[in-house]
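Dear colleague,

I am handing over the structure we spoke about, and my notes on it follow below. Please read them with the model open beside you.

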Amino acid sequence: MEPISVKVLHCADIHLDSPFADRDPEKAAVRRSELRGAFSSLMTYARLNEADIVLIAGDLFDSEFVTSETISLVLREFARNASCRFVISPGNHDPYTQNGIYDKTDFPPNVYIFDDNRLSVFSFDDLNTDVYGYAFTSPSLEYNPFAGRRPENSGRLNILCAHGELGAAASLNCPIKLTDITSGGFDYVALGHIHNSDGVSLANGVYYGYSGCLEGRDFGECGYKGALFGSINKTDGVCKADIRGLRFSKRRYEILTLNLTGMTDAEAVYDKISAAVEKKYGNDTSLRLVLEGEISPSLILSESIIRQNLENLFSLQIKNNTLPLFDYALLEKDQTIRGEYFRCLLPLLQGDEADRSDAALALRYGFSALAGSDIPAE
Ligand SMILES: [Mn+2]
């Protein structure tokens, strides 16, 4: 048998035109345009590295609503990669529906889109490769269309391009059991839907994995994102894939939690925060800074000073979960209105979680007001 060798770019969950978590609408617009930029970089990479097949495992678009700007970008990029085949398995966010975006758009001839929620195949004879897949035809798909199915011709390179939720016993987003993959007889299973990637795994001769999304969109999708690229070779029925993750995201979301237990001095806290942030994060980062621990009740932090110190970040969200309970004996005996205010709140500060955070906030507001300062960090 002739050895088969195919270069594959596997991506998914690009969610073009998706909203982003950044609260500032200008920054959210920057992120949407950068997402289109990341998509263009991906397409340029496919062209320069001569990918034979680009697998798009669902959710290329974020919703039925796609701007004309985005659709013309996608068509232009597909047409510019004329020698590459694009295979699309519509997902739960961009299902194949009558008069939907996939149905009504005139795609170039090198684009192959699954349009049925049953398993079907596109055959590329020149590559001796079959690509199997299916489409979400509505926002949900409660069964796995490839469960119990095997490729028709084991002499070919058999790829499966699938949008679904691996490991979920029941799911509205195509529940996939690991055994559906490992006993299916496919050579490479390109998965989409989960936005974090663990790269490619190998089990029972089957390579499979999630590519993750192209750009994180909120703090549930932290880190740099991208796609998987590499070669798949099959000789005498034995497949070997060398496929690796590549970064395409322009920016990233990150969460940094700092424990401030025992701290009594605001300047020392600002220094600690700046040192911890500057070491790891720059202007490509949207950061959620979580402050926790028991701090001195007299320590009042200013959100605006923290923001000024961290101006270099792309955006910053501050969550102050500290509790003003460190070394409070002095304040407990304080005969001024500060002490009285603290004593009123103390039972709540030692109460359940909701009470604690309300009381901590009340204490920060109250002490700030008594000190004549601005509204403190939230
Ligand atoms: Mn999805």
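The centres of domain 1 and domain 2, taken over C-alpha atoms, are separated by 43 Å in this model, which is a predicted one. Domain 1 covers residues 4-247, and domain 2 covers residues 252-370.

Where the two domains meet, 16 residues of domain 1 are in contact with 11 residues of domain 2. Between them, domain 1 and domain 2 bury about 1,200 Å², with 59% of that area on carbon and sulfur atoms. On the side of domain 1 that touches domain 2, helix H1, which runs over residues 25-48, gives the most, with 3 residues. The residues on this side of domain 1 divide into 6 nonpolar, 2 polar and 8 charged. As for specific pairings across the interface of domain 1 and domain 2, the rule finds 0 salt bridges, while 6 residue pairs are in polar contact, counting pairs with both residues at pLDDT 80 or more.

Salt bridges do occur in the structure, which holds 18 of them. One joins the side chains of Arg31 and Glu34, at 3.2 Å from N to O. Arg31 and Glu34 are 3 residues apart in helix H1, and they are therefore separated by about one helical turn.

The other site to look at is the manganese ion, whose protein donors are Asp59 (OD), Asn92 (OD1), His163 (NE2) and His193 (ND1), lying 2.1 to 2.3 Å from the ion. Along the chain, these donors follow the spacing D-x32-N-x70-H-x29-H. Because Asn92 lies in the loop between strand S3 (85-88) and helix H3 (101-104), whereas His163 lies in strand S7 (residues 157-163), the pair ties together parts that are 71 residues apart in sequence.

With best wishes

Technical notes. Residues numbered from 1 in each chain as written. Predicted model: local features only at pLDDT ≥ 70, side-chain atom pairs only at ≥ 80, totals over all residues. Heavy atoms only, no water. Domains from an automatic or database assignment. Contact = heavy atoms within 4.5 Å. Buried area = accessible area lost by both parts, 1.4 Å probe. Salt bridge = Lys/Arg side-chain N within 4 Å of Asp/Glu carboxyl O. Polar contact = N/O pair within 3.5 Å; in protein donor to acceptor, adjacent residues only side chain to side chain. Helix = DSSP H or I, 4+ residues; strand = E, 2+ residues; numbered from the N terminus. Nonpolar A, V, L, I, M, F, W, Y, C, P; charged D, E, K, R; others polar. Donors = N, O, S within 2.8 Å, 3.2 Å for Na, K, Ca; no water.
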